[in-house]
Every structure is written in structure tokens, then in C-alpha cells.
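Okay, thanks for coming, everyone.

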Amino acid sequence: MERQTVSATFPSAAGSVADARRFVRRVLTDWGVEESADDAVLATSELATNAVTYAGTSFEVACRLGDGEIQVEVRDLHPTRTISMPGINASSGRGLPSIARLALSWGVTYDRRTKGVWFRLPGPGGGNGAETGTAPLAEAVIGAEPGDDDLPAEPARSADDAMTSALPGAGDRLLRSAEAKEILGDAVATVREVMESDGAAVLLTERDGRLVLGASEGLPGGVPLGELSVVNLGPDARSGSPWFATDASDPIAAALHARSLAAAPIEAQGRLTGLVVALSSAPDRFDGAAAARLGRVADEMSLSLEKARVGELERSWRGWLSFVAEASDLLAGTLDQERTMALVAQLVVPRLATWCAVYTVADGGAARLAYVWHADEDRADGLRDLLENAGSEPPVDAPGPWSGLATAPERVRAAAKVTAGDQAYGFPLIARGRRIGTIVIGRPPGDRFPRSAIELAEELGRRAALAVDNARLYSEQTAMSSALQRSLLPPDVPEIPGLEVAVVYEPAGEGSEVGGDFYDVFERSDASGQAARWRFAIGDVCGTGPQAAAVTGLARHALRILAAEDMSVPGVLTRLNRLILGEGERGRLLTLLHGEITPRPRRDGVTIRLTSAGHPPPLVLDPDGTVKEVASPQPLLGVFDGVDFHTDTVELRSGQVLLCVTDGVTERRSGARLLGDGHGLERLLAGCTGLSAGAVAARIQRAVRDFGPEPSGDDVALIVLRAS
């Protein structure tokens with residue numbers, strides 16, 4: 001087979017995990033190996049999630065086909081982080097055991113710059129020696145009865161519904177695959193033939209020890225087993241030995257309306273999983289030799305059933321991985337705390353439970369009901385009242401049943417009707433060693449929780465806890481950044497005689513960082529205390545975040561303080577330059593446009609003396625639509641000491657507009673094109689002839705937003721001065 005290799009690189013972002021899955025599925029489909037795509041996609045999802053979550057770097061996914069095998073490798077740029085299998089109580093890091101289970105082999109490779117985790121799957125004709133089967137998970141349950149520790153039997157459904165039922169199997173749950181159904185049918189036919197019996201049956205053990213009818217032949221229809229359980233069996237059955245009964249005194253013979261029987265246990269890994277029974281309508285039909293012969297049939301049958309059970313568990317495991325992978329993607333896709341809690345509840349309902357409630361823990365430790373979701377919207381209000389009036393809080397230390405609904409006042413229970421009798425199970429949300437809340441799920445009283453649903457809800461709770469805590473931390477950081485940002489901006493813009501003033505400020509991103517751009521417009525009083533002149537400034541600190549904010553705060557407050565000391569515009573910039581240089585390594589480069597406004601006599605416009613220190617030059621718009629630059633470039637602040645700054649004078653007459661912007665306007669990007677390319681800002685301003693200062697600011701702001709398809713990656717600040 002010709003070797004083929006295809007690779008792609010993805011950024012360190014939550015959405016890259018889904019992109020990596022789609023890439024692997026597309027490549028394997030193009031190679032014609034769709035039968036291996038599901039396993040490859042699941043394993044890739046785990047490795048890509050690890051790369052994004054723990055390495056925090058971009059990662060490469062490489063697919064290789066050759067020699068009857070498919071190899072997929074995920075390589076990140078964090079070679080120092082070691083790979084280890086998680087312990088049994090680990091709350092994360094379950095991806096490697098999943099890969100070990102899915103793949104023929106897997107391993108880790110290092111080089112000087114990168115680390116790669118790879119796995120191999122069988123390619124065309126490769127085979128892996130295992131027969132896992134591909135029967136849909138929603139095949140009919142053999143011998144299922146209401147209340148079984150399983151989901152009910154259903155016809156084949158869509159992929160989404162299949163994920164709903166794809167829960168991890170337990171060792172003694174009912175076999176649901178077509179393969180097991182066929183094995184059981186063949187077994188009873190073989191027993192009846194070999195034992196020459198009137199009838200034969202296979203009984204399967206439930207988790208609670210009950211025996212249910214798995215398959216039968218020659219029995220009257222609708223035979224009820226009642227409360228037949230393994231505890232009713234004799235010592236031979238409990239010790240794993242075949243036995244026989246010569247009359248109807250045996251509880252199994254009585255339950256199946258037989259007058260004699262031979263029976264043998266079906267065991268797997270030392271655990272009783274069922275019984276195979278030969279039945280007769282006549283007494284004394286079987287003896288010890290017949291029981292021994294039936295025991296050999298049971299031994300052969302147990303191997304086939306165990307093989308089918310393992311295949312069913314494998315399909316269930318894959319479905320579990322798929323559900324958890326999709327849930328993790330959804331939870332990682334939002335940093336809004338309320339939306340995250342709503343998403344958790346909607347992932348649970350109706351997949352695992354009829355309703356779900358999410359509690360958060362306040363600073364004082366009291367639980368607060370944050371979100372409620374019920375599959376039946378008409379019952380949601382009654383459920384909320386029940387939960388809010390419950391006399392006890394959900395479990396806080398470990399998952400377990402919760403009887404809080406029963407402690408609500410009688411009037412509330414009566415209003416909630418049948419919901420008041422629901423059973424509930426609680427799962428604490430613990431992130432980074434701290435309890436942040438609880439998830440409570442509920443089902444009607446007759447629909448008990450399968451262990452598989454509890455295990456899956458517990459795993460989902462671990463991932464949900466981290467998602468909710470990340471959203472909480474992000475909300476706190478955003479609130480802190482917003483408060484800091486507001487403290488760095490002027491409270492208001494003063495009124496200046498003969499001048500209209502408009503300002504715009506938009507920090508980049510979603511408010512998670514303090515911006516580096518700032519502006520200010522303030523009064524400068526003369527010796528008599530009268531506001532005879534005004535100052536304005538617009539600047540851009542290199543970078544964002546707390547370091548940039550420190551320089552922003554220093555610059556804005558220093559401007560006001562130095563202006564109050566009657567320093568000239570060049571003097572202010574000289575002193576500010578020294579202050580920034582004095583910050584040493586903490587200092588940041590700063591571009592600044594600073595000017596002083598003096599009204600002209602008889603309200604004939606204003607005179608502006610300004611200095612542009614490395615800042616985009618200001619533009620003046622004349623009433624006839626002409627646009628020109630009005631300041632000479634000078635060095636930016638924080639680079640050289642001893643700079644001799646000077647001012648340029650602008651006479652702004654009635655109808656003229658002065659526009660001052662930061663580079664977030666001129667460098668707004670659309671592909672490879674910038675808004676300021678080819679005098680783009682000048683043309684934009686020329687189209688604002690005759691507009692007020694506020695209208696000019698709004699038009700520039702809208703043009704910046706609409707210039708590119710993606711949100712701006714830089715802060716935007718602008719000041720518009722129009723002589724009236």
C-alpha cells in the first residue's frame with residue numbers, strides 16, 4: 001500500500017478541537033477508511049483537548065496511512081510537560097486510558113521543540129483481532145422489563161438520539177446487542193436439543209440480584225418470574241456448580257411451571273451473570289449426569305456471551321466518549337457564567353434525567369438556586385418552588401441521593417403535584433479544590449437512576465465545575481478591568497465656547513483587558529481662576545493589560561497635574577517623557593497628541609497649539625471638503641531623553657473640523673488592507689462635510705466597525721473638535 005500523509009496546524013483555541021475532529025474525519029473519508037473514522041475522531045478529540053487545555057500552544061495533527069495501519073499524531077509546542085496515566089480518583093486526564101482502549105498502540109515522542117502523542121488504528125485489511133461489532137446501540141434489550149437498570153428498548157434512531165443512550169455499561173447489566181440476542185436464542189435451542197427437554201430458558205441477573213428472562217423456548221407465553229432472585233437459589237448455584245431438581249420444590253421450577261429441571265450457572269470473571277435451565281413437565285426427568293452435561297453447555301455459552309458483552313461495553317464506551325467530547329466542546333465555548341449553568345442543565349436533560357437544577361455557593365457558603373430545567377416546561381415553575389422551599393441543601397461532599405423535595409412545605413408539594421414525589425441525586429461541583437456549587441438531577445419515582453447515568457453525570461459534573469469556575473473568574477476579571485478602565489477615562493467633557501467636542505472610545509475584545517488607548521479634555525484655569533484655556537490629549541500606550549494601564553494612568557493624571565502647574569504643551573511632554581523613562585523596565589512606549597485650545601475674540605473659532613509625539617497626525621476638514629494634516633511628526637515618549645518638543649499652531653475657523661485618532665482607526669484591517677491605506681481616513685473625513693462633531697465621530701466609528709468582517713483587534717479612540 002502506498003504511504004500517504006496529510007497534516008494541518010490549529011491555533012490554541014477551544015474551537016480548534018472541533019476543527020481537528022472534522023479534519024481527521026475528512027482525511028480518513030478521502031482515504032476510504034470510514035470504518036476507522038469514529039475511533040480516530042474520538043482519540044484525536046482527547047489529544048487536541050489536552051494540547052489546548054494543558055500545553056496552551058498551537059498544535060499539528062498528522063494522519064498517516066500505510067502498511068495496513070492508520071497513524072494519527074497530535075504534536076504541540078510544549079515538550080516539557082510529561083505524559084502520565086491518571087489515577088483511579090483523578091478528576092481529569094481520562095483521555096489516555098480512552099486512547100489505550102481504542103487504539104492498537106500509542107506512544108509519545110519528543111524532539112527539541114515539540115511533543116507528540118500518536119496512536120495507531122487498523123487500516124484497510126489490517127484488522128485488530130477484536131470483533132467489536134457495529135450494531136446500533138439502540139437495539140432491542142433482551143428480556144428487558146420496566147425498571148431495569150438500563151434504558152428502555154427502542155427502534156433505531158438518529159445519531160443524536162444514539163448519543164443519548166450511549167452510556168457506559170456495567171458488568172451485570174442486560175445485554176442489548178443483536179449478537180447477544182442471537183447467542184441466547186441459539187443457546188436455548190441447543191439446550192432443548194441436547195437435553196431432550198420440554199423447554200429451555202436463559203435467566204440473566206440484574207444488578208440488584210433479580211433474575212429476568214433473557215430467552216426461552218417451549219415455555220408457556222407470559223411466564224412471570226415474580227420476585228425470583230439469586231438469594232432464592234440453593235448452595236450449588238451460589239457456588240457455581242450445576243444442579244438438578246426432581247420436583248417443583250425448586251424456586252426456578254416453580255416460577256417456570258416445571259415439575260423437574262437441570263440448571264447450570266453462567267459465569268464471567270468469577271461473577272454470576274445468569275443461568276441456563278432445561279425444563280420438563282414430568283418429575284424425575286434429570287439427574288446429576290444431565291446437570292453436568294448442561295454445565296458444559298453453559299461454559300461454552302459463557303464465553304460467547306462475555307465476548308458479546310465486551311463488544312457492547314466497547315460500543316457504550318465509544319458513545320460515552322462522544323457525549324463527553326461534545327459536552328466539553330459546548331462548555332468550553334462560553335465564558336458567561338449564567339449561560340454555562342444553563343448549558344449544563346440542558347446537557348443533562350433529557351439524556352440522563354427528567355430535570356436538572358444547578359446551585360452555586362455564595363461567599364458565605366450558602367447554596368443559591370441558579371438554574372432549573374425540566375423536560376416538561378409546564379412543571380418547571382412547580383419544581384423551582386419545591387427546590388427553593390426545600391428544608392435541606394443538596395449533598396456538598398460526595399455524590400448521593402437527596403431527599404430535599406420531601407422536606408418542602410405541604411402546600412408547595414401539593415402545587416407541584418407529581419413532581420413532588422420525584423427522586424433526586426446530587427453531585428457537588430468542585431473546581432481547583434474549592435466547592436463552587438451542586439448539580440441535582442431528578443427522575444420520576446418509578447424510573448430509578450441507572451449506575452451508568454450516575455457515572456456519566458459525575459464525569460459531566462467534573463467538567464462543568466471547571467467550566468463554571470472559568471466563567472466566574474472571567475466575569476470577575478472583566479468587572480475588575482471595566483472598573484479600572486472607567487477610572488482611567490475622564491468623567492465628562494467640558495463645554496468650550498465656540499467649539500463642539502465629541503469623543504469615542506472602544507476597547508478591543510470583550511472587556512477582558514484594560515485598553516492602552518486614552519483621551520482627555522479638561523479646563524486649564526488662569527491666575528484668576530477663570531477657565532480661559534482648555535487642554536486635550538489622545539494617546540496610545542504600547543500593549544494592553546495592567547502594565548499598559550499603569551502607563552495610561554500615569555500619563556493622564558500627569559497631564560492634568562503638569563497643566564495645572566502652568567506648564568506649556570512642550571514642557572508637559574518633556575516632563576512626561578522623563579517620568580516614563582524613570583519607570584525603567586516597567587515603562588511602556590507612548591504616542592501622544594497634546595494640545596491647548598484658546599478661544600478667539602468675538603467667537604471667531606479657536607486657536608490650537610499642539611504637539612504630536614509619534615502619534616498619527618491630526619486632520620483638518622475645511623467646509624469645502626479639503627482635508628490636510630496639521631502637525632509635524634516628533635519622537636514618541638519613552639525612547640529618548642533630552643528631546644526638544646515644539647508646537648504647531650492651528651487656526652480652527654467656523655465650520656472647520658479637527659479629527660484626532662489613535663492607530664486603532666488608521667490600522668483597522670480587512671485582510672491585507674488597512675483603513676488608512678491610500679489616504680483612506682482623509683477620504684472618509686472628506687465625506688463628513690457639513691456634519692456636527694457628534695455626527696462626524698459617529699460616522700468614523702461606524703466606518704471602523706464595518707471595515708472588516710472580524711471585530712477590531714485594537715482599541716479605538718478619537719476626538720472631534722468643530723469650530724461653531
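**A hairpin to start with**

So, look at Y110: its bridge partner in strand 5 is K115. Strands here, and helices too, are DSSP runs numbered from the N terminus, with at least two residues (E) for a strand and at least four (H or I) for a helix. Strand 4 covers residues 105–110 and strand 5 covers residues 115–122; they run antiparallel, joined by 6 bridges. Two strands count as paired if DSSP finds at least two bridges between them. Together, strand 4 and strand 5 make a hairpin, with 4 residues between them.

Before I go on, the ground rules. This is a predicted model, so local features need pLDDT of at least 70 and side-chain atom pairs count only at pLDDT 80 or more, while totals for chains, interfaces and linings use all residues. Residues are numbered from 1 along each chain as its sequence is written, and side-chain values use heavy atoms, with hydrogens and water left out.

pLDDT is the predictor's confidence in each residue, from 0 to 100. The protein chain averages 80, and 83% of the residues score at least 70. Over residues 80–94, though, pLDDT is below 50, and that stretch has 27 contacts in the model beyond near neighbours in sequence. A contact, by the way, is heavy atoms within 4.5 Å. Residues 128–174 also stay under 50, and there the model has 105 contacts beyond four places in sequence.

**The whole chain**

We've got 17 helices and 28 strands in the protein chain. Of its 724 residues, 50% are buried; that's under 20% relative accessible area, with exposed being over 50% and partly exposed in between (1.4 Å probe, protein chains only). Among contacts with a separation of 6 or more, 64% are between residues 24 or more positions apart.

**Two residues, inside and out**

Is T273 buried or exposed? T273 sits in strand 10, residues 271–280, and counts as buried because its relative accessible area is 17%. Leaving aside neighbours within four places in sequence, T273 touches L203, L204, T205, I266, E267 and A268.

Now L589, in the loop between helix 14 (569–582) and strand 19 (590–599). L589 has 38% relative accessibility, so it counts as partly exposed.
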